[in-house]
Amino acid sequence: MGTWRLAAIPVVLSLIAGLCRSFNIDVKRPQIFQGPPEAQFGYKVLQHKARGEKWLLVGAPWDGTADNRKGDVYKCVMGARNSSACAKVNLGDMALRNVSTQIRNMHFGMTLLDNKEEGFVACAPLWSQECGTSMFSTGICTRVDGSFQPTETIAPTAQRCSTYMDIVIVLDGSNSIYPWYEVQNFLSNILSKFFIDPNQIQVGVLQYGEKAVHEWTLQDYQTAEEVVEAAKNISRQEGRETRTAFAIHKACSEAFSPERGGREGATKLVIVVTDGESHDGDELPEALAECEKRNITRYAIAVLGHYMRRQQDPHSFINEIKYIASDPDEKYFFNVSDEAALNDIVDALGDRIFSLEGTHGYNESSFELEMSQIGFSTHLLEDGILFGTVGAYDWDGAVLKESRHGRVIPPRKAFEKEFPLELKNHAAYLGYAVSSVRLRNGKCLYVAGAPRFKHKGKVILFEMSNSGRVVISQALTGEQIGSYFGSEVCPVDVNGDGIT
């Protein structure tokens, strides 16, 4: 370990003393660092120099409470004393102070990387994003300076939730709607299906009859409990006319504005619930054009109770509601026999809305990097950092580079030659270990291990351009089933000439 003298934990020392004398562990003058064993203190260690002092950084990824293992890093002063106390850096709190989503059990300190004069990098590869019913372990890292202060959060595989939606319910509250409590029940039930959160779904309600009123805006409530309670207390507006076109135009032109909580980049939906033909049907084309202009998807629900109670033909009404709904009708149009039957379509409506996830403007890497666990392995380069992303591409794994030239994320097909697509779901874990080698011609090759490839393991050496183009230079394959060949890689410059 260079010129520094470190000791392993006492159990290891006792084993060594009984078997041999190791040349690189000082058994006469050990300096012992201790921390909470339940925090897995010592999972990773890193020699670090800052402000003229020598430190030992110790990862403790299970640090925290029993129900929230945030993880942390301890800093221990190197010196002549036989033992030394270690202080917690409190990374889990400081590093994520600007990250709105606080996920439990992220395990900071599973990876530590010296960043030369700039400090060090600590990672929490199990940091996850909650999106709807899914939990995506994208991972997160943070740069820490010489004063042990986080300076930058690194989360290149974190993606905006596909449930990042602004939904406005356009609700008919005219006299013909009856009984009103069934409409309230429907509202409460459908709202309880939505993942209400500032990073996921926001919901507003506009009720109309002769007039149209914003009952509450997108920004008014931030939890499902709040909107469900608001739905229980909403009263019917009443009115002899059903001005559906006016209400839709008002919803699409006003309800999604930034002043009312509309968010840039959010998928925009309106859900129109009405029980009768509009009194301003000639204005519908203009209203729908306003929605189209703003890229707002429309669900439309025809409640036939008023027609059934009067034994009237709802054919013309149904055609109007189909016209209001986005195409195709089988996806965006519903009709129910009466107000009570609204609750029968809650699950189907929810399923159709969430089938929109990931279909609005996401790039080709959507649903490919969300389990990448960035920071599972790291390696310092001359121009940046190489990360292993073991969970990328259905656990085939991959690598990712952050440098002054930008971010490089090779696509799935970049490693197709060595990891054929027909072997999908074999979970090779490429990126379990990463490093680099320097050749005599000055060329730099990246190294990545994939210890589960065909259950034997594989290591590849490759070039990677700033555009993400990958050229495989060499591949080494393990021979024994279950050997985990490639779980560690360690290039060595034996004589210190700069050549690996």
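Let's start with a charge and a ring: the charged end of Lys458 sits over the ring of Phe453, 4.2 Å from its centre. This is a predicted model, and this briefing tours the side-chain contacts found in it. A search of the whole structure turns up 18 salt bridges and 15 aromatic pairs.

**Aromatic rings**

- A pair of aromatic rings is described by two things, the distance of the centres and the angle of the planes.
- Trp55 and Phe148 have ring centres 5.1 Å apart and planes at 75°, so this pair is edge-to-face.
- Trp55 belongs to strand 3 (residues 53–60), while Phe148 is in the loop between strand 11 (140–144) and strand 12 (150–154), so the pair ties together parts that are 93 residues apart in sequence.
- Are these two residues, Trp55 and Phe148, buried or exposed? Both Trp55 and Phe148 are buried.
- For Tyr429 and Tyr432, the ring centres are 6.3 Å apart and the planes are at 10°, so here the pair is stacked.
- Tyr432 has a relative accessible area of 24%, so it counts as partly exposed.
- Ring pairs also build a cluster from Phe376, Trp395, Tyr429, Tyr432 and Tyr484.

- Side chains of opposite charge can pair when their charged atoms come close.
- Glu254 and Lys250 form a salt bridge, with their closest N and O atoms 3.2 Å apart.
- Both Glu254 and Lys250 lie in helix 5 (residues 244–255), 4 residues apart, which is about one turn of the helix.
- Why does Lys250 count as buried? Its relative accessibility is 17%, and buried means under 20%.
- Glu254, at 25% relative accessibility, counts as partly exposed.

**Salt bridges between distant parts of the chain**

- Arg440 and Asp497 meet through their side chains in a salt bridge of 3.9 Å, N to O.
- This pair links distant parts of the chain, with Arg440 in the loop between strand 23 (433–438) and strand 24 (444–450) and Asp497 in the segment after strand 26 (470–477), 57 residues apart.
- Arg440 counts as exposed at 70% relative accessibility, and Asp497 as partly exposed at 38%.
- Lys443 forms a salt bridge with Glu463, their closest N and O atoms being 3.6 Å apart.
- Lys443 is in the loop between strand 23 and strand 24, and Glu463 is in strand 25 (residues 458–464), 20 residues apart.
- Lys443 is partly exposed at 34%, and Glu463 is partly exposed at 28%.

**A salt-bridge network**

Methods:
Residues numbered from 1 in each chain as written. Predicted model: local features only at pLDDT ≥ 70, side-chain atom pairs only at ≥ 80, totals over all residues. Heavy atoms only, no water. Salt bridge = Lys/Arg side-chain N within 4 Å of Asp/Glu carboxyl O. Helix = DSSP H or I, 4+ residues; strand = E, 2+ residues; numbered from the N terminus. Buried < 20%, exposed > 50% of the residue type's maximum accessible area, 1.4 Å probe, protein only. Phe/Tyr/Trp six-rings, centres within 6.5 Å; stacked < 30°, edge-to-face > 60°. Lys NZ or Arg CZ within 6 Å of the ring centre and 35° of its normal.
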